[in-house]
Amino acid sequence: MAQRKDAPLVALIAGEASGDILGAGLMQALAARYPGARFIGVGGEEMAEAGLTSLFPMEKLSVMGITEVLSHLPELLRLRKSLVRFLLEQKPDVVIGIDSPDFTLPIARRLHDRGLKTVHYVSPSVWAWRQGRIKGIKKSIDLMLTLLPFEARFYEQHQVPVAFVGHPLADRIPLETDVPGARKALGLDAQARILAVLPGSRGGEVGQLMPAFLEAMVVLNQQDPALHFVIPAANNARREQIQALLDAQPDLPVSLVDGQSRTVMAAADVVLMASGTATLEGLLLTKPMVVGYRVGAVTYAIVSRLIKSEFVSLPNLLCRQEMVPELIQEGLTTDAIVAAVRRWFDQPEQAQALKARFQDVHEQLRGGASEKAAAAVAKLLEA
């Protein structure tokens, strides 16, 4: 394979909207280094605008949930096969899979075995559960690009080439949170005590968490009638699901808004939320939070045996200690939620210390993630 050092052919594969954003940023940073670079693969609108020639629409890969994946499996396998064939014909200088590991890593394995350089951008949660996957990852890629520092440490321990590049969200979210601006944007009282409640974006999550969150909201309202609740609904289906539950408590002072979860968190004094990537946004906004999660009993029985991590929330993982309460499964009780939320309101000095620690983490994750990722890819290209 003749390497085009000044005008490399770069293949990128993204399977969802978040990967499309990361891919576009990386492409722009690579294009700044290599003005003649060409980009092929699979991506969405953002990557297309950055210059990607996509073999097929990214939406064909954007399926979630076991049932949905199974119903699309023949099509996904066909697309994967055609993509591998296309990339072997084109012989790009490097192939970069972006997140979506169940789709992109098997492709990387096939291409790596045929001598192509392969990179994976955004580590799967192999450090937390199913750690045996690291053996397959090691055989599939030449470089792992991680968004978080503890992920890089895990790969270093397993002798997998890795570069910690930081998180693009840390670059987009300002170091200082504009609380008055967020409240004004949402039409909220500038002086109110506000609890943001984020029960998740998927129907199953909301079904598991919102009833528990709502019971705690009722008690919190009884204890502090001036406390105002704000809930962002991820989409129309979630809005209807949440509203149906709120209808049973018509006297609660609640604002249910469409989307704008980041603005809602920015406006809040404290956040009660589902465990997930939104907890990272909460950290970057320096918000005291309570993290809850609950899944079906069978799922929990299986997953709990596979999980190796001491913590589940990103704030605690990043700080390497319990900075925020994690209320998981049977621990997600009304009393526990109420006590954890009240602690942040009643102990402002602890909330202030947490904000200072979160700001330190924000600065660590900040600093041009796309440029750092491009630098690491360039090093591999020029090796």
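The following dialogue explains how to read several features of this predicted model.

User: In what order do the seven strands of the open sheet stand?

Analyst: Strands (E, at least two residues) and helices (H or I, at least four residues) are DSSP runs, numbered from the N terminus. Two strands pair if DSSP finds at least two bridges between them. Here, seven strands form an open sheet in the order 3-2-1-4-5-6-7, and the pairing is parallel. Strand 3 (52-54) and strand 7 (162-164) are the edge strands, each pairing on one side only. From one strand to the next, the twist averages 20°; such angles run from 0 to 180 degrees between N-to-C directions, with axes as lines fitted to C-alpha atoms, for helices over the stretch in contact.

User: How many bridges join strand 1 and strand 2?

Analyst: Strand 1 (residues 9-14) and strand 2 (residues 38-42) pair in the parallel sense over five bridges. Within this pair, Ile13 stands opposite Val42 in strand 2.

User: Which strands does helix 17 lie across?

Analyst: Contact means heavy atoms within 4.5 Å. Helix 17 (residues 369-381) lies across strand 4, strand 5, strand 6 (143-146) and strand 7, and runs at about 170° to strand 6.

User: Which residues line the largest cavity?

Analyst: On a 1 Å grid over the protein atoms alone, a cavity is a set of points where a 1.4 Å probe fits but cannot get out, and lining residues have an atom within 4 Å of a point. Grid points are joined across faces, edges and corners, and a volume is the space filled by probe spheres set on the points. This structure holds one cavity of 30 Å³ or more, and the largest cavity has a volume of about 40 Å³. Its lining consists of Ile13, Val95, Ile96, Gly97, Thr104, Ile107, Ala108, Thr118 and Val119. At least two lining residues come from each of strand 4 (94-98), helix 4 (101-113) and strand 5 (118-121). By class, six lining residues are nonpolar, three are polar and none is charged.

User: Why is one side of strand 10 and of strand 13 left without a neighbour in the sheet?

Analyst: These strands belong to an open sheet of six strands, in the order 10-9-8-11-12-13 with parallel pairing. Strand 10 (254-258) and strand 13 (326-328) stand at its edges with a single partner strand each, so one side of each has no neighbour in the sheet. Strand 12 (residues 289-293) pairs with strand 13 in the parallel sense over three bridges, and Val291 stands opposite Glu326 in strand 13. Helix 15 packs on the sheet, touching strand 8 (193-198), strand 9, strand 11 (270-274), strand 12 and strand 13.

User: Where do the partners of the salt bridge between Asp224 and Arg342 lie?

Analyst: A salt bridge is a side-chain nitrogen of Lys or Arg within 4 Å of a carboxyl oxygen of Asp or Glu. The structure holds seven salt bridges, one of them between the side chains of Asp224 and Arg342 (3.8 Å, N to O). This pair links distant parts of the chain, 118 residues apart: Asp224 is in the loop between helix 9 (203-223) and strand 9 (227-233), and Arg342 is in helix 15 (residues 334-346).

Note on methods. Residues numbered from 1 in each chain as written. Predicted model: local features only at pLDDT ≥ 70, side-chain atom pairs only at ≥ 80, totals over all residues. Heavy atoms only, no water. 1 Å grid on protein atoms, 1.4 Å probe; cavity = no way out; pocket = protein on both sides within 12 Å on 5 of 7 lines; lining within 4 Å. Nonpolar A, V, L, I, M, F, W, Y, C, P; charged D, E, K, R; others polar.
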